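Colleague: I'm new to this one. Can you walk me through it?
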Amino acid sequence: MKRLGILLFLIICGQAAAKSPEQVRSAFLFQMAKFIEFPKSQTENSLRFCFYTLKEGPGSVLSSNTGLSINDKPIQVKEINSALSLVDLSDRCDITYVDESHENDILNAWTEPMALNTVTVGESLAFLEHGGVAALVQEGSKIRLYINKQVMNRHNFKVLSRLLAVAKFHPD
């Protein structure tokens with residue numbers, strides 16, 4: 001319960017101190033990773049965050065913050081190509097962020113249902129409806145975390161209950 005309080009505090013502080021939605025989303029991604037257990041072989045050396053662009057958005061914010069680590073593992077920020085298959089993505093990334101401008105292109109290519117090792121995070125509820133695991137949705141001046149439990153339960157990572165406690169679920 002104490003950790004849940006700390007997570008909520010960090011999220012609220014992140015929203016209050018952040019100047020842009022990109023900064024809030026990057027803080028969410030970083031904090032989320034602390035409450036997800038990835039397959040051990042995948043995260044032996046570092047925790048890999050993948051973005052379709054590092055020029056803007058949460059990818060640019062995270063890549064500019066050097067020296068970040070989670071559970072004594074450094075984070076690695078990568079730019080990836082939209083032509084990667086789901087299998088390649090699952091092998092190369094622990095968390096894959098898809099901004100709203102790429103969602104339609106990416107989701108159309110993700111037609112094969114399979115258990116993945118990567119947590120896919122988008123920016124809209126439509127992303128969840130089409131197979132994404134999580135979405136950081138802007139509602140007014142706030143960013144809210146939504147999770148698709150059905151999709152999450154089919155994959156090879158485990159989301160800890162402390163993160164689920166602060167999320168909303170879509171579809172219900």
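Predicted model: local features only at pLDDT ≥ 70, side-chain atom pairs only at ≥ 80, totals over all residues.

Colleague: How many helices and strands does the protein have?
Modeller: The protein has eight helices and 10 strands.

Colleague: And what share of the residues is buried?
Modeller: Of the 172 residues, 48% are buried. The accessible surface is about 8,900 Å², and carbon and sulfur atoms account for 49% of that surface.

Colleague: How many disulfides are in the whole structure?
Modeller: A search finds one. It is formed by Cys-50 and Cys-93, with the sulfur atoms 2.0 Å apart.

Colleague: Where do those two sit in the chain?
Modeller: Cys-50 is in strand β2, while Cys-93 is in the loop between α4 and β5. They are 43 residues apart, so the pair links distant parts of the chain.

Colleague: Is Cys-50 buried or exposed?
Modeller: Cys-50 is buried, at 0% relative accessible area. Cys-93 also has 0% relative accessibility, so Cys-93 counts as buried.

Colleague: What is the handedness of the link?
Modeller: The link of Cys-50 and Cys-93 is left-handed, with -95° about the S-S bond.

Colleague: Changing topic. Which residues of helix α3 are buried?
Modeller: Helix α3 covers residues 57-64, and its buried residues are Gly-57, Pro-58, Gly-59, Val-61 and Leu-62.

Colleague: Now the strands. In which sense do β7 and β8 pair, parallel or antiparallel?
Modeller: Antiparallel, over six bridges, with β7 at residues 134-139 and β8 at residues 142-147. Leu-136 stands opposite Leu-145 in β8.

Colleague: What lies between β7 and β8?
Modeller: Two residues, and the two strands form a hairpin. Gly-140 is in the turn and has a positive phi of about 65°.

Colleague: And which way do β6 and β7 run?
Modeller: β6 and β7 run parallel, joined by two bridges. Gly-122 has Ala-135 in β7 as its bridge partner.

Colleague: Let's look at single residues. Where is His-170?
Modeller: His-170 is in the segment after β10 (168-169).

Colleague: Why does His-170 count as buried?
Modeller: Buried means under 20% relative accessible area. His-170 is at 18%, so it counts as buried.

Colleague: What does His-170 contact?
Modeller: Leaving aside neighbours within four places in sequence, His-170 is in contact with Leu-125, Leu-128, Glu-129, Tyr-146, Ile-147 and Asn-148. The side chains of His-170 and Glu-129 are joined by a polar contact of 2.8 Å.

Colleague: And where is Asn-117?
Modeller: Asn-117 is in the loop between α5 (100-109) and β6 (119-122). Its relative accessible area is 17%, so Asn-117 is buried. A polar contact of 3.0 Å joins its side chain to that of Asn-156.

Colleague: Last one: is Glu-100 buried or partly exposed?
Modeller: Glu-100 is partly exposed, at 48% relative accessibility. Glu-100 lies in helix α5. Not counting residues up to four places away in sequence, Glu-100 touches Glu-123 and Ser-124.

Technical notes
Residues numbered from 1 in each chain as written. Heavy atoms only, no water. Helix = DSSP H or I, 4+ residues; strand = E, 2+ residues; numbered from the N terminus. Buried < 20%, exposed > 50% of the residue type's maximum accessible area, 1.4 Å probe, protein only. Polar contact = N/O pair within 3.5 Å; in protein donor to acceptor, adjacent residues only side chain to side chain. Contact = heavy atoms within 4.5 Å. Areas by Shrake-Rupley, 256 points an atom, 1.4 Å probe, with all protein chains shown as cover. Pairing = 2+ DSSP bridges. Disulfide = S-S within 2.5 Å.
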